[in-house]
Amino acid sequence: MGQALKILFLAAEMAPFVKVGGLGDVAGALPKALQALGHDVRVSMPRYRTVDGKKFDLRQVGEPFSVPVGPDSRRTEAVAGQAGGVTTFMIWDEQYFGRERVYGYDDDAQRFVFWGRAALELVKMLGWQPDVIHANDWHAAFAPVCLNSACRQDPFFAQTASVYTIHNLAYHGTTGNTILLFSGLEGQVKHLDIEAPGTVNWMAQGIVHSDMINAVSKRYAQEILTPEYGFGMHDLLKARKERLWGVLNGIDYETWNPATDPHLAQPFDLNSLEARAANKADLQRVLGLPVRADVPLLGMVTRMVDMKGFDLLAAVLDRLMARDVQFVLLATGDPNYEELFGSLPRRFPSKAAVLIRFDEALAQKIYGGSDMFLMPSRFEPCGLGQMIAMRYGSVPVVRATGGLADTVAHFDAAKGSGTGFSFGDYTADVFWGAIEQALNVFANKAEWRALQERAMRADFSWAVSAKKYEELYRKAIEFHGK
């Protein structure tokens, strides 16, 4: 191991403070794993109104400070809390972050640019000079853009390299170009061909200005170079291909641990897999489904959006419900899908349970009690659900795309190998074929038990991925300024 690094990790959400999706899980776990490797890691995120200051013992950092905003400046303040031993600096501004949601406002670009600018001003005020700033998705793109433009004139950041992680290329953060005046970058960054006249695409700018770029799985890093998955940015990424890596996300093995999970009726591990049956029975009781050990229980914990394969799921529902199965879906999202799937329990009261809400405790019961976990995604940059499912002994049925392809090995009866079931073509018939194969294998208890054990032995801990990020940071430092 080389010299310890000072790393500023920027993410718009972070568990346990606030979590909307997988980014929150990553931000809550990766900095902790990096710190365990001996690095000095600090996280910055906005302090949203929903973050409970008393619960997390948030304390003010220094005095209120000025953040450049256009030709003027704005006074703001920062508070700090601890998560897993990692210090998290939260930028607090009532106008921008005193709201109920994290995302989904017309001024999101302005909100997140202000946070990025304030985060840079804060570490400068504290005299803590990062070797690397790791920015996650378009919300944090201001930092690498500034480091490669306006901030280059600042001696404090002259040696600070940048890493930009693409968690989902579909979200661009496109806004009007008056944001450049607001951000202090007017005249400092070039208009890109991909940007419509009068707009700024923060995802694209982050890609162009960062020292290193990474996607959250090796397969996804290759897929985004193609028109099908590139969302118009494939040529931009191709031009920087030598700076593009794929580093698979991990999961926090302390948080996601069936041996200690307080939400499970019966803790278990690889050596006590038979105890898992109590969790299936408990889940069935909670859902109001018949308690049967022999019926395969298929689960999903997800968002109801097209990318998650809900059109395929809708197309196979009748075939699925015609079989002797049970199905549980915990999700929120597209109102049309909420209505469609929300009717299932009325149509099939002994077979289907659909919960249209966010419920972390129930999610963990589904991981620990379902037999199979469905992820038929159209595209999936990494995916965490399949990793958690395998950790909990629920066998994944996935489409072979992005991180799903990198983490789930297709079952092979002849070789006695595989950790789940995968399918390639994005069609209902091919998806159904994978489900049907899983149902057939489930009927062979010895074969199913061996499959569960292989899935549970797979190692997706952050300790593995953190070492790859460490290498990525050193590459960024090497490339910085070149």
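**Close-up 1. Strand β11 (residues 212-215) is covered on both faces.** In this predicted model, Met212 and Asn214 lie on one side of β11 and Ile213 and Ala215 on the other, and all are buried (under 20% relative accessible area, with a 1.4 Å probe and protein chains only). In a regular strand, side chains alternate between the two faces of the sheet. Strands are DSSP runs of E with at least two residues, and helices are runs of H or I with at least four, numbered from the N terminus.

**Close-up 2. Strand β11 pairs with β8 and with β12.** Pairing requires at least two DSSP bridges between two strands. Strand β8 (residues 161-166) runs parallel to β11 and is joined to it by four bridges; Thr165 stands opposite Asn214 of β11. Three bridges link β11 to strand β12 (residues 244-246), also in the parallel sense. Here Ala215 stands opposite Gly246 of β12.

**Close-up 3. Helix α11 (residues 310-321) crosses helix α17 (residues 428-442).** Their axes, lines fitted to C-alpha atoms over the stretch in contact, come within 9 Å and cross at roughly 50°. α11 is therefore oblique to α17. Contact (heavy atoms within 4.5 Å) involves Leu312, Leu313, Ala315, Val316, Arg319 and Leu320 of α11 and Ala428, Asp429, Phe431, Trp432 and Ile435 of α17.

**Notes.** Residues are numbered from 1 along each chain as its sequence is written, and side-chain values use heavy atoms, leaving out hydrogens and water. Local features need pLDDT of at least 70 and side-chain atom pairs count only at pLDDT 80 or more, while totals for chains, interfaces and linings use all residues.

How values were computed
Buried means under 20% relative accessible area, exposed over 50%, partly exposed in between (1.4 Å probe, protein chains only). Axes are lines fitted to C-alpha atoms, for helices over the stretch in contact, and angles run from 0 to 180 degrees between N-to-C directions. Angles under 35 degrees count as roughly parallel, over 145 as roughly antiparallel, 65 to 115 as roughly perpendicular and the rest as oblique.
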